[in-house]
Amino acid sequence: MRRLNLLVFRTGTFTAARLALFVEASHNPDVRQAVGRGRARYEELLTGALTHLEVPRSSVTAAALMSCLEGLLLHRIAREDTTDPRPLLELILA
């Protein structure tokens, strides 16, 4: 949880701006494409790392991790949610 807090509160402006881009992407095709490219790049990097670690179904796992982390960040910012992310991450990586 400490690391998630560091992601949110140390770089809170960056994280909040990124989430604002998601909202903008919902009705702006140019922003949607840019957000999609960024997400694809993060998933590609994460898939490579998971493949290197011999995690089964690394591309599916990477997509699940990305979605989970984005949701955790959103709720940490919007609701100051203090849910411990470890059980969620363990579930995805099981």
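Reader: Which helices each supply at least two residues to the lining of the second largest pocket?

Author: Helix 2 (12-25) and helix 3 (29-52) each do so, a helix being a DSSP run of H or I with at least four residues, numbered from the N terminus. This is a predicted model, in which local features need pLDDT of at least 70 and side-chain atom pairs pLDDT 80 or more, whereas totals for chains, interfaces and linings use all residues. Residues are numbered from 1 along each chain as its sequence is written, and side-chain values use heavy atoms, leaving out hydrogens and water.

Reader: What volume does the second largest pocket have, and which residues are the closest to its centre?

Author: Its volume is about 150 Å³, taken as the space filled by probe spheres set on the grid points. Ten residues line this pocket, and the closest to its centre are Arg18, Leu21, Phe22, Val35 and Gly38. The term pocket denotes an open set of points on a 1 Å grid where a 1.4 Å probe fits, with protein on both sides within 12 Å along at least five of seven lines; lining residues have an atom within 4 Å of a point. By class, the lining comprises seven nonpolar, one polar and two charged residues.

Reader: Why is helix 3 called oblique to helix 4?

Author: The axes of helix 3 and helix 4 (residues 58-79) cross at roughly 125° and come within 8 Å. Helix 3 is therefore oblique to helix 4, as this class takes the angles left over by under 35 degrees (roughly parallel), over 145 (roughly antiparallel) and 65 to 115 (roughly perpendicular). The contact (heavy atoms within 4.5 Å) involves residues of helix 3 including Arg39, Tyr42 and Glu43, and residues of helix 4 including Ser58, Ser59 and Glu70. Its residues divide into seven nonpolar, six polar and three charged.

Reader: What makes helix 4 and helix 5 roughly antiparallel or oblique to each other?

Author: The axes of helix 4 and helix 5 (residues 86-93) come within 10 Å and cross at roughly 165°. The two helices are therefore roughly antiparallel. Thr61, Ala64, Leu65, Cys68, Leu69 and Leu72 of helix 4 meet Leu88, Leu89, Ile92 and Leu93 of helix 5. This contact has nine nonpolar residues, one polar and no charged.

Reader: Where is the place of Val55, and which residues does Val55 touch, not counting residues up to four places away in sequence?

Author: Val55 lies in the loop between helix 3 and helix 4. With those sequence neighbours set aside, Val55 touches Leu50 and Thr61. Val55 and Leu93 are 38 residues apart in sequence, yet 8.0 Å apart in space, C-alpha to C-alpha.

Note on methods: Ala, Val, Leu, Ile, Met, Phe, Trp, Tyr, Cys and Pro count as nonpolar, Asp, Glu, Lys and Arg as charged, and the others, Gly among them, as polar. Axes are lines fitted to C-alpha atoms, for helices over the stretch in contact, and angles run from 0 to 180 degrees between N-to-C directions.
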